[in-house]
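Please look over the sequence and the model before reading on.

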Amino acid sequence: AETGRQVFYLSSNPADVAAWQRALRQRQLPPAHEVDLAVQRKLGAAASATVLAAPAIPDIPAPAGHDATAYGALLKVPALQPWADENTVHLFHLWRDDLELLHRLLVGGTPTLGQWRQLGRNLVAAGTVQTAEAARIDARGQVYGAFLDVWRIGRGKPVTRDDLVRSEALSEKMLPPACALLAQSGGDAARFMAAVRDGGIARLNQGKKETLQAFLERQGHLDPRDIRQPDQIVAHVLGVVATDGVLTPAEVRRLVLQLHTAAAES
């Protein structure tokens, strides 16, 4: 009242509304304006406690009796997506060699690297993850980011239908055969453009082919650089990630080669 500020208070408890109104009356202040969302939505009644209850957290099976491959299948871990944002990676891909730690992370509600980076300190505070373990999780996350940076060299981002539309090189009539050709190429820009140059899209003139090629180059779908071999990737990661003794070189090498295999299978 003195500063001219407004306060918005959200609650699913009618008792909160009554308490606010009572407190305002006691201070001889005007009543608060109440907005009942059930009324606004023309519902017959407010949501019940059952409806408002948080959904049950699914049980996370323990890894006992399972090797990494079987446990990943049991958890239905998605395949590694090396072109996706690094924060979306499932921690299984970084911790398949320590399934007990992985299980604690999953139970703690941090299945992805991004969720760990956002909520991991809460798990440390709760004692679910030890400080030394947290440092290793952080370090492996850095390894993954460095791995992606060098793995992507020479490969080029996969091409999608939306990319073809944005290129403005294809008419509406040419888009369907271009999409079919793209599907045959598995989204690989180099294979796609090789097929385009061989006449894979009927009546597409040379100028449009060059426009399409230039667009794919600008957008990072075509990368003329040489693909880095596994040992080169390992050397790069070891050179850019400061593990400070948290991870050994052997551990970094093992993880990078494991990621390289997973990326090849995706």
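How are H8 and H13 set relative to each other, oblique or roughly parallel? The model is a predicted one. Its helix H8 (residues 131–151) packs against H13 at an angle of about 135°. Angles over 145 degrees would count as roughly antiparallel and those from 65 to 115 as roughly perpendicular, so H8 and H13 are oblique to each other.

**H8 with H13**
- The axes of H8 and H13 are 9 Å apart, and H8 passes H13 in a right-handed crossing.
- On the H8 side the contact is formed by Val143, Ala146, Phe147, Val150 and Trp151, and on the H13 side by Ile233, His236, Val237 and Val240.
- By class, this contact of H8 with H13 holds 8 nonpolar residues, 1 polar residue and no charged ones.

**H8 with H14**
- H8 and H14 cross at roughly 50°, and their axes come within 10 Å.
- That angle makes H8 oblique to H14.
- The crossing of H8 and H14 is right-handed.
- H8 contributes Arg136, Arg140, Val143, Tyr144, Phe147 and Trp151 to the contact, while H14 contributes Glu251, Val252, Leu255, Val256, Leu259, His260 and Ala263.
- The contact of H8 with H14 divides into 9 nonpolar, 1 polar and 3 charged residues.

**H13 with H14**
- Helix H13 spans residues 230–240 and helix H14 spans residues 249–265.
- The axes of H13 and H14 come within 10 Å and cross at roughly 130°, and the two helices are therefore oblique to each other.
- H13 and H14 make a right-handed crossing.
- Pro230, Asp231, Ile233, Val234, Val237 and Leu238 of H13 touch Pro249, Val252, Arg253, Val256, Leu257 and His260 of H14.
- In the contact of H13 with H14 there are 9 nonpolar, 1 polar and 2 charged residues.

**Residues with more than one partner**
- In H8, Val143, Phe147 and Trp151 are listed in the contact with H13 and also in the contact with H14.
- In H13, Ile233 and Val237 meet H8 and also meet H14.
- In H14, Val252, Val256 and His260 take part in the contact with H8 and in the contact with H13.

**The second largest pocket**
- The second largest pocket holds about 320 Å³ of space.
- It is lined by 18 residues, and the closest to its centre are Trp83, Arg155, Gly156, Asp188 and Ala189.
- Helix H11 (residues 189–197) supplies the largest share of this lining, 3 residues.
- The lining of the second largest pocket has 7 nonpolar, 6 polar and 5 charged residues.

Terms used: Residues numbered from 1 in each chain as written. Predicted model: local features only at pLDDT ≥ 70, side-chain atom pairs only at ≥ 80, totals over all residues. Heavy atoms only, no water. Axes fitted to C-alpha atoms, helices over the stretch in contact; angles between N-to-C directions. Helix = DSSP H or I, 4+ residues; strand = E, 2+ residues; numbered from the N terminus. Parallel < 35°, antiparallel > 145°, perpendicular 65-115°, else oblique. Left-handed = near helix turned anticlockwise from the far one by under 90°. Contact = heavy atoms within 4.5 Å. Nonpolar A, V, L, I, M, F, W, Y, C, P; charged D, E, K, R; others polar. 1 Å grid on protein atoms, 1.4 Å probe; cavity = no way out; pocket = protein on both sides within 12 Å on 5 of 7 lines; lining within 4 Å. Points joined across faces, edges and corners; volume = space filled by probe spheres on them.
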